[in-house]
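Me: I'm new to this one and would like to go through it slowly. Could you show me the structure before we start?

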Amino acid sequence: MQPIISISALSKTYAGGFQALKGIDLDIRQGEIFALLGPNGAGKTTLIGTICGIVRPSAGRVRVGGHDIISEYRAARSMIGLVPQELTTDAFESVWGTVSFSRGLFGKAPNPAHIEKVLRELSLWDKRNNKIITLSGGMKRRLLIAKALSHEPQVLFLDEPTAGVDVELRRDMWALVRRLRESGVTVILTTHYIEEAEEMADRIGVINKGEIVLVEEKAELMRKLGKKQLTLHLDAPLAEIPGRLADYGLELAGGGGQLVYTYDDARGDRASILKLLEDLAAAGIAFKDLQTSQSSLEDIFVSLVKDSR
Amino acid sequence: MNWYAIRAIYHFEMARTRRTLLQSIVSPVISTSLYFVVFGAAIGSRIPQIGEVSYGAFLVPGLIMLSLLTQSVSNASFGIYFPRFSGTIYELLSAPVSYFEAVLAYVGAAATKSVIVGLIILATAALFVPFSIAHPFWMILFLLLTSVTFSLIGFIIGIWADNFEKLQLVPLLIITPLTFLGDSFYSIDMLPPFWQTVSLFNPVVYLVSGFRWSFYGIADVGVAVSLVMTLLFLAVAMAVVAWIFKTGYRLKN
């Protein structure tokens with residue numbers, strides 16, 4: 001299937017000489033939720049801004065739905081909805097007025113039924129006649145989403161969508177994003193909340209210092225890079241790991257009271273757990289409890305960014 | 001053409017005028033009325049006729065032009081500066097809107113507001129002094145051309161300014177002095193020869209002179225020259241706006 005967004009050799013160097021994007025190549029598939037992760041200043045917002053037409057690219061090419069963002073900007077931009085990171089809204093316009101304005105700006109005929117649907121979906125219908133200045137921060141965030149959805153985009157960019165919103169609203173937004181995906185909208189989100197990417201994304205891209213470090217299916221990424229650990233709480237602390245257990249790469253923790261075994265499902269290490277337990281019994285090492293843990297996406301992200309430095 | 005976008009921006013800007021009716025409409029009408037009271041009645045009664053026109057009537061085109069210039073500049077500059085200041089400009093920049101459409105909408109709204117203010121002042125003037133309009137077509141043409149030209153200039157100022165002080169700088173330090181020294185309150189024939197020559201370098205002289213000619217058939221410079229100069233200012237302003245959008249000056253990184 002042809003990607004909905006195709007980015008090739010995209011670079012951006014600002015007037016001061018700072019190179020924010022360094023030859024980005026990236027394809028976004030139609031209908032997926034793509035999470036773009038990266039530390040502050042990695043180039044996430046510049047990348048989104050360039051695709052949406054806010055930032056001028058220095059080199060490279062971007063196509064949205066097969067349309068070049070420069071030579072066919074009307075067709076490309078008509079397909080995109082953008083929710084910016086900052087809560088940038090007019091203060092004195094009404095909720096209904098500003099959402100209707102956005103629809104018109106994107107070249108769509110007035111459609112009160114659609115605006116009503118969007119406002120109801122985002123729990124803003126009761127506030128439709130309120131001035132924006134009277135809305136809470138969470139409501140303003142939802143309003144920005146409503147504006148972005150007003151012209152029925154096929155691609156939605158969410159730049160840090162849940163920054164500064166409470167847990168309940170965050171979960172509401174996640175549910176909304178899933179509903180949008182079900183309706184065929186491609187969602188690209190940037191986030192600092194790894195939990196958010198882990199919860200929602202189909203694929204994950206990591207950007208650092210203007211370069212895409214990795215693009216991978218979330219499940220595959222977790223499988224490939226996600227380490228698992230088995231921790232055994234010993235009956236009696238050990239001073240050192242017995243030589244016959246050296247091949248397992250065990251580590252002592254908790255003052256010698258815990259034995260930590262790191263393994264990888266992908267390598268079939270799980271089968272060796274049984275062997276380890278047998279060897280422990282043979283060495284006379286008893287344990288009173290055990291637990292397993294898996295590295296989170298956050299651990300993976302930190303590791304990737306660290307490696308790319 | 002993205003007509004829906006043009007309509008959306010135009011309506012948004014006009015709605016802002018309705019929200020700030022006192023500032024947008026009532027304020028210029030009150031200040032112009034005060035000019036009529038002070039210059040027309042109090043001082044004007046001591047000034048003899050200029051040509052065959054009373055001083056009070058002579059003031060009418062100049063005062064309309066004064067308001068037209070300041071309103072066009074302030075409406076258009078604020079209209080584009082505020083989205084830049086608040087950050088909402090992202091929506092315009094990411095929308096399928098051409099530069100021409102954006103200018104048409106913003107400048108069209110600013111010019112509309114200025115023309116409305118101009119016509120209200122014209123009606124207000126009728127309450128103070130009797131006057132006639134000899135060439136209504138030309139009066140409307142000069143009104144439209146001037147409001148569009150100065151709205152374009154205001155648009156440029158709104159793009160150039162990066163704080164509220166700069167937004168006020170050009171109107172206060174350049175537009176207003178040029179208007180006061182630009183034939184609004186006197187005929188340049190009343191000046192010593194040296195200052196008559198200096199006045200011819202003031203672009204506002206040509207605007208006011210042409211506009212006054214459309215009222216009373218009297219002018220300090222030929223009406224054709226006024227028209228050509230007005231069109232020239234319009235062309236220069238359009239060229240600067242086109243350059244701004246081509247380069248993304250102060251709009252895009």
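Predicted model: local features only at pLDDT ≥ 70, side-chain atom pairs only at ≥ 80, totals over all residues.

Me: Fine, let's begin with the rings. How many aromatic pairs are there over all chains?

Reply: Searching the whole structure gives 23 aromatic pairs over all chains. One of them joins B:Phe82 and B:Phe85, whose ring centres are 5.9 Å apart and whose planes meet at 40°, so this pair counts as tilted.

Me: Where in chain B do B:Phe82 and B:Phe85 lie?

Reply: Both belong to helix 3 of chain B, which covers residues 55-86, and they are three residues apart, about one turn of the helix. As for accessibility, B:Phe82 is partly exposed at 29%, and B:Phe85 is also partly exposed, with a relative accessible area of 49%.

Me: Which residues form a cluster with them through ring pairs?

Reply: The cluster linked by ring pairs consists of B:Phe78, B:Tyr81, B:Phe82, B:Phe85 and B:Phe164.

Me: And which charged residues sit over a ring?

Reply: In chain A, the charged end of A:Arg128 is placed over the ring of A:Trp125, 4.0 Å from the ring centre. In chain B, B:Arg212 lies over the face of B:Phe58, and here the distance to the ring centre is 3.6 Å.

Me: Let's change topic to salt bridges. How many are there over all chains?

Reply: The count comes to 15 salt bridges over all chains. Among them is the one between the side chains of A:Glu32 and A:Arg203, with N to O at 2.8 Å.

Me: Which parts of the chain does that pair link?

Reply: It links distant parts of chain A, since A:Glu32 is in the loop between strand 2 (19-28) and strand 3 (33-37), while A:Arg203 is in strand 9 (residues 203-208), 171 residues apart.

Me: Are A:Glu32 and A:Arg203 buried or exposed?

Reply: A:Glu32 and A:Arg203 are both buried.

Me: What about A:Glu116, which residue does its side chain meet?

Reply: The side chain of A:Glu116 forms a salt bridge with that of A:Arg120, at 2.9 Å from N to O. Both residues are in helix 4 of chain A (residues 112-121), four residues apart, about one turn of the helix. With a relative accessibility of 27%, A:Glu116 counts as partly exposed, and A:Arg120 is partly exposed too, at 46%.

Me: Which residue does A:Glu199 pair with, and what does that pair tie together?

Reply: A:Glu199 meets A:Arg178 in a salt bridge, again given as 2.9 Å from N to O. A:Glu199 lies in helix 7 (residues 194-200) and A:Arg178 in helix 6 (residues 167-182) of chain A, so the pair ties together parts that are 21 residues apart in sequence. Their relative accessibilities are 38% for A:Glu199, which is partly exposed, and 26% for A:Arg178, which is also partly exposed.

Me: Which residues are linked in a network of salt bridges?

Reply: In chain B there is such a network, made up of B:Glu13, B:Arg16 and B:Lys113.

Me: Now the two chains together. How many residues does the contact take from each?

Reply: Chain B gives 27 residues to the contact and chain A gives 29. Between them the chains bury about 2500 Å², with 58% of that area on carbon and sulfur atoms.

Me: How many salt bridges are counted between chain B and chain A?

Reply: The count between chain B and chain A is three salt bridges, including the one from B:Arg19 to A:Glu93, where the closest N and O atoms are 4.0 Å apart. Nine residue pairs are also found in polar contact across this interface.

Me: Which elements of chain B are on the side that touches chain A?

Reply: Those giving two or more residues are helix 1 (3-19), helix 4 (89-93) and helix 10 (223-247) of chain B. The largest share, seven residues, comes from helix 1.

Me: Last one, where is A:Ser102 found, and what does its side chain contact?

Reply: A:Ser102 is in helix 3 of chain A (residues 95-105), and it is buried, with a relative accessible area of 0%. Its side chain makes a polar contact with the side chain of A:Lys147 at 3.0 Å. Leaving aside neighbours within four places in sequence, A:Ser102 is in contact with A:Lys147, A:Ser150 and B:Glu91.

Note on methods: Residues numbered from 1 in each chain as written. Chains lettered and ligands numbered in written order. Heavy atoms only, no water. Phe/Tyr/Trp six-rings, centres within 6.5 Å; stacked < 30°, edge-to-face > 60°. Buried < 20%, exposed > 50% of the residue type's maximum accessible area, 1.4 Å probe, protein only. Lys NZ or Arg CZ within 6 Å of the ring centre and 35° of its normal. Contact = heavy atoms within 4.5 Å. Buried area = accessible area lost by both parts, 1.4 Å probe. Polar contact = N/O pair within 3.5 Å; in protein donor to acceptor, adjacent residues only side chain to side chain.
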